[in-house]
Amino acid sequence: MVDGSTKAAAQSTASDPFLGVAIGGRYRLEQEIGQGGMSTVYRAFDTVLERKVAVKLMHRRRAREPDQLERFRREARAMARLIHPHIVTVIDTGEADLPHEPDRSDDGASAPYIVFEHVEGETLKQRIRRDGRLQITQALAYAIEIGRGLQAAHEHGIVHRDIKPQNVLLSVEGNAKITDFGIARTLSEKGLTMGGRVLGTTDYVSPEQALGQSVTGQSDVYSLGVVLYEMLVGDVPFDGPTPVAVAMRHVREQLPDAQALRPELSAATAAVLERATAKDLARRYPDAGVFVRELEEVLAIETNRAGQTVGEVTTVLRTLSEPSRHRVLWHIRHRIRWLGTLCLAVAAVVLALVLALPRTHSGVGAVAAAITPPHLRPVHLAQTAAHDYNPFGTGPEHPDEVSNAIDGDPNTTWSTEHYLGGVLGKPGVGLYVDASPGVAARAIAIQTPTPGFSAAIYGADAFDEQLPYGDPLPLAGRGWTLLSGAQPIGAQTLIRLDTAGVAYRYYLVWITQLQSDQASSSVATQIAELTLFRARRGSE
């Protein structure tokens, strides 16, 4: 359990008759660190193993209530079955005979207790209240750790049913641990009769739980989705005059648009958040494991967009599954090795310049940044900056794949449609990027697994997007300016641009001829990565 006590809390417990008492003959209560309607949590000292622990002591008056006593014992049983790095560990449990409290009528009943590992740090709720919304990658890293803990609980048949930031502890090392399985229930047991009451905190309650329907691991997924929303936005999605009013909003209303409240969120992160909090169980993630895998994917995407990582995010990145980990840019995954590689690359640049390399060079993404002359630097593009362009054709060209061309992963691609015999039958087809608000780009790098096609580069401040598909108006008439004539594109090609100092918003890779492929009757061109380059400050 967490030690998040304050000076005021310490003063309020100065007269607590239980302080100094060694319950179970070994756990000496030292300071109150939390209190609820059913129990009080103390920091304690294990005199046998000489270590700090946390003791959750049930109020004796509550121990007289059979349903509350069973709920407390259920928590001990549930947590004792769970050994996981992201779940607070139960060490011991028992019942203690405590001294008489002069102003209370608690005598006549022993006090059940649970002993937990002691977690130095704070709750996730305290962190959000102090700092507001978290860094996007930090929020995703915490959500992954919480999700992994839930996955382990669900695999043991245990549903938490009260996931909220108050029940997530953040250690001083930065990792997240789930606690308080007080209303947890196994998927096989019928549980206690709760007289129609809704269990769980309504700020995070799932629609089915709010309606008193059966609860499964999908309910924990919904609650974790709301926790992720709060980490990203800085506040819970709904408020209301009563807890019931808030619960009904979870039943009836969609969560506010997180991207509208935080525009820098990627569409991928927003989509994962939307699916986790879907009202319809058929649309929601079927289990915590699937949710975690998609969280890992979006963490890789957001890490690439941020360009760097620190703290717990770095730790979580090391634990990603292979497909997700390899989506993270190489220089982020291997920062120390990358520095050495960069030094070698700079040396190669100097040699290349001395030998006067021709106008077209290899490289894209991190590779292009390393071998490009040092007076250039990459242009940061938003995740939604890429768009397909087929004005002389009959429709879009794989718009669902366009983000692959700027995601930092050379293993994902955007592709044209397949053309019979490699003949376009039109002036061209392409892919453009939105470099808003505008940049006087000096070069563009193209990486492709289908080398041999030809492409020209165009720029535009604005262009006519309203013309119907197939309209013959040429590119110049649509607002595009030629920046580099058509030339063969290799596996990794750097094309220098002359914008005459104009800061164009849009840059178009215009494919004029597909690669020759005599062995195939159908040809498509693929682009794995596009990288724009601008002049470094002071070198214009």
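Colleague: Asp-180 first. Is Asp-180 buried, partly exposed or exposed?

Modeller: Asp-180 is partly exposed, at a relative accessible area of 24%. Buried means under 20% relative accessible area, exposed means over 50%, and partly exposed lies in between, using a 1.4 Å probe and protein chains only. Bear in mind that this is a predicted model: local features need pLDDT of at least 70, side-chain atom pairs count only at pLDDT 80 or more, and totals for chains, interfaces and linings use all residues. Residues are numbered from 1 along each chain as its sequence is written, and side-chain values use heavy atoms, with hydrogens and water left out.

Colleague: Which residue does Asp-180 form a salt bridge with?

Modeller: Lys-56, with the closest N and O atoms 3.3 Å apart. A salt bridge here is a side-chain nitrogen of Lys or Arg within 4 Å of a carboxyl oxygen of Asp or Glu.

Colleague: What about Glu-230, which residue is its salt-bridge partner?

Modeller: Lys-125, with the closest N and O atoms at 2.7 Å. This pair also links distant parts of the chain: Glu-230 is in helix H7 (residues 217-233) and Lys-125 in helix H4 (residues 124-131), 105 residues apart.

Colleague: How accessible are they?

Modeller: Glu-230 is buried at 2%. Lys-125 is buried at 11%.

Colleague: How many salt bridges does the structure hold?

Modeller: It holds 24. One of them pairs Glu-30 with Arg-28, closest N and O atoms 3.5 Å apart. Glu-30 is partly exposed at 30%, and Arg-28 is partly exposed at 32%.

Colleague: Switching topic. Where is Thr-137?

Modeller: In helix H5 (residues 136-155). Thr-137 counts as buried, at 10% relative accessibility.

Colleague: What is Thr-137 in contact with, leaving aside neighbours within four places in sequence?

Modeller: Leu-299, Glu-302, Thr-303 and Val-313. Contact means heavy atoms within 4.5 Å.

Definitions and conventions: Helix = DSSP H or I, 4+ residues; strand = E, 2+ residues; numbered from the N terminus.
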